[in-house]
Amino acid sequence: MYKRIPSGVAVAHYELRNVNVAKCSACGAQLGGVPRLNPSSLRKLAKTEKRPERIYGGTLCRRCLANILREAVRAIKLHRS
Ligand SMILES: [Zn+2]
């Protein structure tokens, strides 16, 4: 949107858009521990403050991760001789 400032010059003013809640990529549940910040504010955070520090943190919810890990463990074939 263009605004005319006191000097008479038209300058562009950009409005920040709302940031959506992070969702699980498997079931769509809302993810906790992921901040809803615009990119400039997100840049001020440390990496550890942007998503949970576990595997698939910020991608899968804890229930889907537990199910996937369970299936992976059960798929391992035990070698018996
Ligand atoms: Zn999920």
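User: What makes the radius of gyration of the protein chain stand apart from that of a compact globule?
Analyst: The protein chain has 22 Å, whereas a compact globule of 81 residues would have a radius near 12 Å. The radius is taken over C-alpha atoms, and the globule rule is 2.2 Å times the number of residues to the power 0.38. Along its principal axes the C-alpha trace spans about 85 × 25 × 20 Å. This is a predicted model in which local features need pLDDT of at least 70 and side-chain atom pairs count only at pLDDT 80 or more, while totals for chains, interfaces and linings use all residues. Residues are numbered from 1 along each chain as its sequence is written.

User: Why is serine 25 called partly exposed?
Analyst: Serine 25 has 13 other C-beta atoms within 10 Å. A residue is buried at 20 or more such atoms, exposed at 12 or fewer, and partly exposed in between, with C-beta atoms placed from the backbone. Serine 25 is therefore partly exposed.

User: Which residues does serine 25 touch, not counting those up to four places away in sequence?
Analyst: Serine 25 touches Thr59 and Leu60; contact means that C-beta atoms, placed from the backbone, lie within 7 Å.

User: How do you know that the span of helix α2 is close to the expected one?
Analyst: Helix α2 (residues 62–75), a DSSP run of H or I with at least four residues, has 14 residues and reaches 20 Å from its first C-alpha to its last. The expected span is 1.5 Å times one less than the number of residues, given as 20 Å for α2.

User: What makes α2 hardly covered?
Analyst: The count of buried residues among the 14 of α2 is zero. Of the 81 residues of the protein chain, 2% count as buried.

Conventions. Contact = placed C-beta atoms within 7 Å. Helix = DSSP H or I, 4+ residues; strand = E, 2+ residues; numbered from the N terminus.
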